[in-house]
Amino acid sequence: MRRTVTLIPGDGVGPEITDVVKTCISALGVDIDWDIQNAGAAVIEKEKVPLPDRILDSIRRNKIALKGPVETPVGKGFRSVNVQLRKALDLFACLRPCKYYPGVRSRITSPQGIDLVIVRENTEDLYAGIEFMESCGEDNPLLTFIRENSGVDLGCDTGISIKPISISGSERIVTFAFEYAQRYGRKKVTGIDKANIMKLSDGLFMQAAEDVSRRYPDIAYEHKLIDNMCMQLVQFPEKYDVLVLPNLYGDIISDLAAGLIGGLGVAPGANMGKEYAVFEATHGSAPDIAGQDKANPAGILLSTALMLDHIGESDAAVRLERAIATVIREGKAVTGDMKQAGDPHPPVGTRAMGQAIVEKIDSL
Ligand code: NAD
(Lines give C-alpha, C1' and ligand atoms only; values in the text may rest on other atoms or scores of the structure.)
Protein backbone atom coordinates (compact mmCIF):
# COMPACT_ATOMS: atom_id res chain seq x y z
CA MET A 1 0.00 0.00 0.00
CA ARG A 2 1.30 3.42 -0.98
CA ARG A 3 1.44 5.87 1.94
CA THR A 4 2.68 9.34 2.76
CA VAL A 5 5.08 9.92 5.65
CA THR A 6 6.13 13.31 6.98
CA LEU A 7 9.91 13.62 6.69
CA ILE A 8 11.65 16.27 8.80
CA PRO A 9 15.28 16.29 7.59
CA GLY A 10 16.30 18.50 10.56
CA ASP A 11 19.49 20.44 11.15
CA GLY A 12 23.22 19.70 10.95
CA VAL A 13 23.77 16.14 9.73
CA GLY A 14 19.99 15.59 9.46
CA PRO A 15 19.69 16.13 5.68
CA GLU A 16 22.67 13.81 5.00
CA ILE A 17 21.35 10.91 7.05
CA THR A 18 17.73 11.30 5.88
CA ASP A 19 18.97 11.20 2.27
CA VAL A 20 20.36 7.75 3.06
CA VAL A 21 16.96 6.77 4.46
CA LYS A 22 15.28 7.72 1.18
CA THR A 23 17.79 5.65 -0.80
CA CYS A 24 17.29 2.60 1.43
CA ILE A 25 13.49 2.84 1.28
CA SER A 26 13.70 2.88 -2.53
CA ALA A 27 16.00 -0.15 -2.47
CA LEU A 28 13.53 -1.97 -0.23
CA GLY A 29 10.78 -1.28 -2.74
CA VAL A 30 8.44 0.19 -0.12
CA ASP A 31 6.00 2.71 -1.59
CA ILE A 32 6.41 5.83 0.52
CA ASP A 33 5.77 9.39 -0.62
CA TRP A 34 7.77 11.76 1.56
CA ASP A 35 6.00 14.93 2.71
CA ILE A 36 9.18 16.91 3.38
CA GLN A 37 8.87 19.53 6.11
CA ASN A 38 11.86 21.53 7.27
CA ALA A 39 12.08 22.52 10.92
CA GLY A 40 14.48 23.84 13.54
CA ALA A 41 17.29 26.33 13.09
CA ALA A 42 16.95 25.99 9.29
CA VAL A 43 13.54 27.72 9.24
CA ILE A 44 13.69 30.23 12.08
CA GLU A 45 14.90 33.17 10.00
CA LYS A 46 12.10 32.84 7.47
CA GLU A 47 9.26 31.51 9.60
CA LYS A 48 10.22 33.01 13.01
CA VAL A 49 9.60 29.73 14.88
CA PRO A 50 11.45 26.37 14.80
CA LEU A 51 8.22 24.35 14.61
CA PRO A 52 5.75 26.05 12.26
CA ASP A 53 2.11 24.82 12.35
CA ARG A 54 2.45 23.30 8.87
CA ILE A 55 4.62 20.55 10.41
CA LEU A 56 1.99 19.57 12.97
CA ASP A 57 -0.67 19.73 10.23
CA SER A 58 1.43 17.40 8.09
CA ILE A 59 1.90 14.85 10.89
CA ARG A 60 -1.80 15.02 11.80
CA ARG A 61 -2.59 14.32 8.17
CA ASN A 62 -0.08 11.50 7.66
CA LYS A 63 -0.08 10.07 11.23
CA ILE A 64 3.56 9.00 10.87
CA ALA A 65 6.74 11.09 10.77
CA LEU A 66 10.44 10.38 10.49
CA LYS A 67 12.55 13.12 12.01
CA GLY A 68 16.22 14.04 11.79
CA PRO A 69 17.81 15.88 14.73
CA VAL A 70 16.52 19.39 15.26
CA GLU A 71 18.33 22.25 16.98
CA THR A 72 16.48 24.50 19.37
CA PRO A 73 18.46 27.75 19.71
CA VAL A 74 19.52 28.21 23.33
CA GLY A 75 18.64 31.41 25.20
CA LYS A 76 16.41 32.84 22.45
CA GLY A 77 13.10 32.05 24.11
CA PHE A 78 12.13 29.10 21.87
CA ARG A 79 10.63 25.98 23.41
CA SER A 80 12.28 22.70 22.40
CA VAL A 81 10.89 21.40 19.11
CA ASN A 82 10.96 17.86 20.46
CA VAL A 83 9.01 18.79 23.60
CA GLN A 84 6.49 20.77 21.54
CA LEU A 85 5.93 17.82 19.21
CA ARG A 86 5.36 15.49 22.15
CA LYS A 87 2.88 17.87 23.76
CA ALA A 88 0.97 18.91 20.63
CA LEU A 89 0.54 15.31 19.40
CA ASP A 90 0.20 13.67 22.82
CA LEU A 91 3.15 11.37 22.15
CA PHE A 92 3.04 9.91 25.63
CA ALA A 93 5.43 7.00 25.08
CA CYS A 94 9.11 7.22 24.25
CA LEU A 95 10.34 3.93 22.83
CA ARG A 96 14.07 3.23 22.83
CA PRO A 97 15.19 -0.25 21.76
CA CYS A 98 18.80 -0.87 22.80
CA LYS A 99 20.16 -3.93 21.07
CA TYR A 100 23.82 -4.82 20.66
CA TYR A 101 25.01 -5.31 17.08
CA PRO A 102 28.30 -7.24 16.80
CA GLY A 103 30.97 -4.95 15.38
CA VAL A 104 29.92 -1.92 17.43
CA ARG A 105 32.47 -0.63 19.93
CA SER A 106 31.19 -1.13 23.48
CA ARG A 107 33.02 -0.74 26.79
CA ILE A 108 31.13 -3.73 28.14
CA THR A 109 33.26 -6.88 27.90
CA SER A 110 30.42 -9.14 26.75
CA PRO A 111 27.63 -7.01 25.27
CA GLN A 112 26.29 -9.93 23.19
CA GLY A 113 22.76 -10.68 24.23
CA ILE A 114 21.80 -7.12 25.21
CA ASP A 115 18.38 -6.58 23.68
CA LEU A 116 16.48 -4.10 25.82
CA VAL A 117 13.44 -2.02 25.02
CA ILE A 118 12.98 1.05 27.19
CA VAL A 119 9.49 2.49 27.43
CA ARG A 120 9.57 5.93 29.03
CA GLU A 121 6.53 7.96 30.06
CA ASN A 122 6.77 11.28 28.22
CA THR A 123 4.27 13.69 29.74
CA GLU A 124 4.35 13.62 33.55
CA ASP A 125 6.84 13.62 36.41
CA LEU A 126 9.42 16.34 37.05
CA TYR A 127 9.35 17.16 33.31
CA ALA A 128 5.81 18.57 33.54
CA GLY A 129 7.41 22.01 33.85
CA ILE A 130 5.80 22.99 37.18
CA GLU A 131 8.60 24.88 38.88
CA PHE A 132 8.84 27.69 41.39
CA MET A 133 11.84 29.94 41.97
CA GLU A 134 13.35 30.54 45.39
CA SER A 135 12.03 33.84 46.71
CA CYS A 136 13.52 35.27 49.87
CA GLY A 137 12.41 38.66 51.07
CA GLU A 138 8.75 38.31 50.12
CA ASP A 139 5.79 36.32 51.31
CA ASN A 140 5.90 32.82 49.77
CA PRO A 141 2.43 31.22 49.87
CA LEU A 142 3.75 27.93 48.46
CA LEU A 143 6.21 27.50 51.34
CA THR A 144 3.46 28.38 53.81
CA PHE A 145 1.16 25.81 52.18
CA ILE A 146 3.86 23.14 52.36
CA ARG A 147 4.63 23.93 56.00
CA GLU A 148 0.97 23.81 56.99
CA ASN A 149 0.11 20.70 54.99
CA SER A 150 3.18 18.52 55.27
CA GLY A 151 4.95 19.92 58.31
CA VAL A 152 8.13 20.49 56.30
CA ASP A 153 9.69 23.91 56.83
CA LEU A 154 11.63 24.74 53.67
CA GLY A 155 14.04 27.66 53.64
CA CYS A 156 13.03 30.64 51.47
CA ASP A 157 16.10 30.00 49.27
CA THR A 158 14.56 26.71 48.05
CA GLY A 159 13.53 26.28 44.41
CA ILE A 160 10.72 23.78 43.95
CA SER A 161 9.87 21.38 41.12
CA ILE A 162 6.61 19.46 41.31
CA LYS A 163 6.49 15.78 40.37
CA PRO A 164 2.99 14.89 39.16
CA ILE A 165 2.37 11.18 38.52
CA SER A 166 -1.19 10.01 37.87
CA ILE A 167 -2.86 6.60 37.96
CA SER A 168 -4.24 7.14 34.44
CA GLY A 169 -0.88 8.28 33.04
CA SER A 170 0.89 5.33 34.68
CA GLU A 171 -1.67 2.79 33.50
CA ARG A 172 -1.46 4.20 29.98
CA ILE A 173 2.33 3.83 29.72
CA VAL A 174 2.47 0.42 31.40
CA THR A 175 -0.30 -0.84 29.12
CA PHE A 176 1.74 0.44 26.15
CA ALA A 177 4.76 -1.54 27.44
CA PHE A 178 2.76 -4.77 27.83
CA GLU A 179 1.05 -4.35 24.46
CA TYR A 180 4.50 -3.85 22.89
CA ALA A 181 5.81 -6.94 24.71
CA GLN A 182 2.86 -8.98 23.52
CA ARG A 183 3.14 -7.83 19.90
CA TYR A 184 6.86 -8.58 19.69
CA GLY A 185 6.89 -11.82 21.68
CA ARG A 186 8.85 -10.34 24.57
CA LYS A 187 8.92 -12.41 27.75
CA LYS A 188 9.27 -9.96 30.63
CA VAL A 189 8.36 -6.41 31.64
CA THR A 190 10.19 -4.69 34.48
CA GLY A 191 8.51 -1.71 36.15
CA ILE A 192 11.02 0.69 37.67
CA ASP A 193 10.59 3.53 40.17
CA LYS A 194 11.56 4.69 43.65
CA ALA A 195 8.28 3.84 45.34
CA ASN A 196 9.92 3.14 48.70
CA ILE A 197 10.76 6.84 49.06
CA MET A 198 8.22 8.71 46.88
CA LYS A 199 5.26 6.70 48.03
CA LEU A 200 2.55 9.03 46.77
CA SER A 201 3.90 9.57 43.24
CA ASP A 202 6.18 6.64 42.33
CA GLY A 203 3.96 4.55 44.62
CA LEU A 204 1.05 5.19 42.24
CA PHE A 205 3.21 4.16 39.28
CA MET A 206 4.21 0.94 41.06
CA GLN A 207 0.61 0.10 41.95
CA ALA A 208 -0.64 0.87 38.45
CA ALA A 209 2.10 -1.32 36.95
CA GLU A 210 1.18 -4.24 39.18
CA ASP A 211 -2.52 -3.81 38.36
CA VAL A 212 -1.92 -3.67 34.60
CA SER A 213 0.48 -6.64 34.72
CA ARG A 214 -2.34 -8.90 35.95
CA ARG A 215 -4.11 -8.41 32.61
CA TYR A 216 -1.12 -10.03 30.83
CA PRO A 217 -0.58 -13.40 32.58
CA ASP A 218 1.63 -14.71 29.73
CA ILE A 219 4.25 -12.00 30.25
CA ALA A 220 6.38 -12.05 33.38
CA TYR A 221 6.35 -8.90 35.47
CA GLU A 222 8.82 -7.75 38.09
CA HIS A 223 9.35 -4.53 40.03
CA LYS A 224 12.77 -2.91 40.62
CA LEU A 225 13.95 0.21 42.37
CA ILE A 226 15.77 2.59 40.06
CA ASP A 227 19.07 2.58 41.97
CA ASN A 228 19.24 -1.21 41.99
CA MET A 229 18.21 -1.25 38.31
CA CYS A 230 21.19 0.94 37.35
CA MET A 231 23.55 -1.58 38.89
CA GLN A 232 21.68 -4.54 37.40
CA LEU A 233 21.88 -3.02 33.93
CA VAL A 234 25.62 -2.54 34.14
CA GLN A 235 26.24 -6.00 35.62
CA PHE A 236 23.58 -8.21 33.99
CA PRO A 237 22.00 -6.27 31.09
CA GLU A 238 21.19 -9.47 29.20
CA LYS A 239 18.72 -10.51 31.95
CA TYR A 240 16.33 -7.69 31.10
CA ASP A 241 13.79 -7.33 28.32
CA VAL A 242 11.16 -4.52 28.31
CA LEU A 243 11.64 -1.79 30.93
CA VAL A 244 8.88 0.71 31.75
CA LEU A 245 9.64 3.85 33.71
CA PRO A 246 8.32 7.28 34.66
CA ASN A 247 9.76 10.20 32.71
CA LEU A 248 12.93 11.19 34.59
CA TYR A 249 14.21 7.67 35.31
CA GLY A 250 13.32 6.71 31.73
CA ASP A 251 15.37 9.56 30.34
CA ILE A 252 18.44 8.54 32.32
CA ILE A 253 18.12 4.78 31.81
CA SER A 254 17.60 5.27 28.03
CA ASP A 255 21.01 6.89 27.74
CA LEU A 256 22.64 4.42 30.11
CA ALA A 257 21.31 1.54 27.99
CA ALA A 258 22.42 3.28 24.77
CA GLY A 259 25.89 3.55 26.32
CA LEU A 260 25.92 -0.21 26.94
CA ILE A 261 25.35 -0.98 23.27
CA GLY A 262 27.87 1.52 21.92
CA GLY A 263 26.35 4.97 22.25
CA LEU A 264 23.60 7.17 20.85
CA GLY A 265 24.99 6.85 17.30
CA VAL A 266 23.40 3.42 16.92
CA ALA A 267 20.33 3.85 19.15
CA PRO A 268 16.98 4.25 17.40
CA GLY A 269 13.94 5.84 18.98
CA ALA A 270 10.32 6.81 18.58
CA ASN A 271 7.78 8.97 20.36
CA MET A 272 4.35 7.46 20.10
CA GLY A 273 0.79 8.23 21.08
CA LYS A 274 -2.61 6.75 20.34
CA GLU A 275 -2.90 8.50 16.97
CA TYR A 276 0.56 9.60 15.86
CA ALA A 277 4.12 8.30 15.92
CA VAL A 278 7.36 10.19 15.29
CA PHE A 279 10.46 8.08 14.62
CA GLU A 280 13.92 9.61 15.08
CA ALA A 281 17.58 8.95 15.67
CA THR A 282 18.44 9.68 19.28
CA HIS A 283 21.64 11.61 18.59
CA GLY A 284 21.71 15.37 17.98
CA SER A 285 22.51 17.42 14.88
CA ALA A 286 26.28 16.91 15.29
CA PRO A 287 27.17 20.43 14.08
CA ASP A 288 30.90 19.62 14.33
CA ILE A 289 30.66 17.17 11.40
CA ALA A 290 27.66 18.63 9.52
CA GLY A 291 28.02 18.75 5.72
CA GLN A 292 31.21 16.65 5.80
CA ASP A 293 29.78 13.25 4.82
CA LYS A 294 30.97 11.83 8.16
CA ALA A 295 27.72 11.13 10.03
CA ASN A 296 26.78 7.57 10.84
CA PRO A 297 23.35 6.85 9.32
CA ALA A 298 22.78 3.70 11.44
CA GLY A 299 20.66 5.38 14.15
CA ILE A 300 18.15 6.95 11.77
CA LEU A 301 18.08 3.79 9.65
CA LEU A 302 17.31 1.61 12.66
CA SER A 303 14.55 4.11 13.54
CA THR A 304 13.32 3.71 9.97
CA ALA A 305 13.16 -0.05 10.54
CA LEU A 306 10.99 0.61 13.61
CA MET A 307 8.78 2.83 11.48
CA LEU A 308 8.44 0.22 8.73
CA ASP A 309 7.38 -2.34 11.29
CA HIS A 310 4.87 0.10 12.77
CA ILE A 311 3.22 0.72 9.40
CA GLY A 312 2.91 -2.99 8.68
CA GLU A 313 5.99 -3.37 6.45
CA SER A 314 7.53 -5.94 8.79
CA ASP A 315 9.35 -7.84 6.05
CA ALA A 316 11.06 -4.64 4.84
CA ALA A 317 11.88 -3.77 8.47
CA VAL A 318 13.63 -7.12 8.98
CA ARG A 319 15.54 -6.79 5.69
CA LEU A 320 16.70 -3.27 6.55
CA GLU A 321 17.81 -4.21 10.06
CA ARG A 322 19.65 -7.27 8.74
CA ALA A 323 21.44 -5.18 6.10
CA ILE A 324 22.53 -2.58 8.70
CA ALA A 325 23.67 -5.31 11.11
CA THR A 326 25.69 -7.05 8.37
CA VAL A 327 27.49 -3.85 7.32
CA ILE A 328 28.29 -3.09 10.96
CA ARG A 329 29.49 -6.65 11.64
CA GLU A 330 31.74 -6.70 8.57
CA GLY A 331 33.17 -3.33 9.65
CA LYS A 332 34.54 -2.48 6.20
CA ALA A 333 32.12 0.22 5.10
CA VAL A 334 31.37 2.09 8.32
CA THR A 335 31.87 5.71 9.37
CA GLY A 336 34.76 6.91 11.52
CA ASP A 337 32.83 6.86 14.82
CA MET A 338 32.61 3.06 14.52
CA LYS A 339 36.31 2.55 13.91
CA GLN A 340 38.74 1.08 16.43
CA ALA A 341 42.44 1.89 16.63
CA GLY A 342 44.41 -0.40 14.29
CA ASP A 343 41.43 -1.13 12.02
CA PRO A 344 42.86 -2.08 8.58
CA HIS A 345 39.88 -0.56 6.72
CA PRO A 346 39.74 3.24 6.53
CA PRO A 347 36.41 4.85 7.47
CA VAL A 348 33.90 5.61 4.73
CA GLY A 349 31.48 8.51 4.39
CA THR A 350 27.76 8.66 5.17
CA ARG A 351 26.78 8.08 1.55
CA ALA A 352 29.18 5.15 1.09
CA MET A 353 27.92 3.45 4.26
CA GLY A 354 24.37 3.99 2.98
CA GLN A 355 25.37 2.47 -0.36
CA ALA A 356 26.90 -0.57 1.38
CA ILE A 357 23.60 -1.05 3.23
CA VAL A 358 21.68 -0.79 -0.05
CA GLU A 359 23.93 -3.48 -1.55
CA LYS A 360 23.18 -5.76 1.40
CA ILE A 361 19.44 -5.07 1.01
CA ASP A 362 19.76 -6.22 -2.58
CA SER A 363 21.95 -9.24 -1.91
CA LEU A 364 20.79 -10.74 1.40
P1 NAD B 1 25.15 15.51 19.25
O2 NAD B 1 24.54 14.17 19.39
O3 NAD B 1 24.72 16.33 18.10
O4 NAD B 1 26.74 15.37 19.18
C5 NAD B 1 27.54 14.77 20.21
C6 NAD B 1 28.79 14.12 19.55
O7 NAD B 1 28.36 12.92 18.87
C8 NAD B 1 29.47 15.00 18.53
O9 NAD B 1 30.84 14.78 18.61
C10 NAD B 1 28.93 14.48 17.20
O11 NAD B 1 29.82 14.67 16.12
C12 NAD B 1 28.74 13.01 17.49
N13 NAD B 1 27.63 12.46 16.68
C14 NAD B 1 26.30 12.67 16.85
N15 NAD B 1 25.61 12.05 15.91
C16 NAD B 1 26.51 11.39 15.13
C17 NAD B 1 26.39 10.55 13.99
N18 NAD B 1 25.21 10.23 13.44
N19 NAD B 1 27.53 10.07 13.46
C20 NAD B 1 28.73 10.34 13.97
N21 NAD B 1 28.91 11.14 15.05
C22 NAD B 1 27.80 11.65 15.63
O23 NAD B 1 24.86 16.29 20.63
P24 NAD B 1 25.00 17.82 20.98
O25 NAD B 1 26.29 18.35 20.39
O26 NAD B 1 24.79 17.89 22.43
O27 NAD B 1 23.79 18.54 20.27
C28 NAD B 1 23.87 19.28 19.06
C29 NAD B 1 22.51 19.86 18.73
O30 NAD B 1 21.55 18.79 18.51
C31 NAD B 1 21.92 20.75 19.81
O32 NAD B 1 21.35 21.89 19.20
C33 NAD B 1 20.83 19.91 20.44
O34 NAD B 1 19.77 20.67 20.94
C35 NAD B 1 20.38 19.08 19.25
N36 NAD B 1 19.79 17.76 19.67
C37 NAD B 1 18.68 17.36 19.01
C38 NAD B 1 18.13 16.13 19.32
C39 NAD B 1 16.90 15.70 18.60
O40 NAD B 1 16.42 16.41 17.73
N41 NAD B 1 16.35 14.54 18.91
C42 NAD B 1 18.72 15.30 20.28
C43 NAD B 1 19.88 15.74 20.91
C44 NAD B 1 20.41 16.98 20.60
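This is a predicted model: local features need pLDDT of at least 70, side-chain atom pairs count only at pLDDT 80 or more; totals for chains, interfaces and linings use all residues.
Residues are numbered from 1 along each chain as its sequence is written, and side-chain values use heavy atoms, with hydrogens and water left out.

**Exercise 1.** Find which polar atoms lie 3.2 Å and 2.8 Å from a nitrogen atom of the ligand.

*Solution.* Start with the side chains: a polar atom of His-283 is 3.2 Å from a ligand nitrogen. Next, turn to the backbone, where an N or O atom of Asn-296 sits 2.8 Å from a nitrogen of the ligand.

**Exercise 2.** Work out how helices H8 and H9 are oriented and which residues join them.

*Solution.* First take the axes (lines fitted to C-alpha atoms over the stretch in contact, with angles from 0 to 180 degrees between N-to-C directions). Those of H8 (residues 226–235) and H9 (residues 247–260) come within 10 Å and cross at roughly 10 degrees. The helices are therefore roughly parallel (angles under 35 degrees). Now list the contacts (heavy atoms within 4.5 Å): Ile-226, Cys-230, Leu-233 and Val-234 of H8 meet Tyr-249, Ile-253, Leu-256 and Leu-260 of H9. Finally, sort by class: 8 nonpolar, no polar and no charged residues.

Key. A polar contact is a pair of N or O atoms within 3.5 Å; within protein, one must be able to donate a hydrogen and the other to accept it, and residues adjacent in sequence count only if both atoms are side-chain atoms. Helices (H or I, at least four residues) and strands (E, at least two) are DSSP runs, numbered from the N terminus. Angles under 35 degrees count as roughly parallel, over 145 as roughly antiparallel, 65 to 115 as roughly perpendicular and the rest as oblique. Ala, Val, Leu, Ile, Met, Phe, Trp, Tyr, Cys and Pro count as nonpolar, Asp, Glu, Lys and Arg as charged, and the others, Gly among them, as polar.
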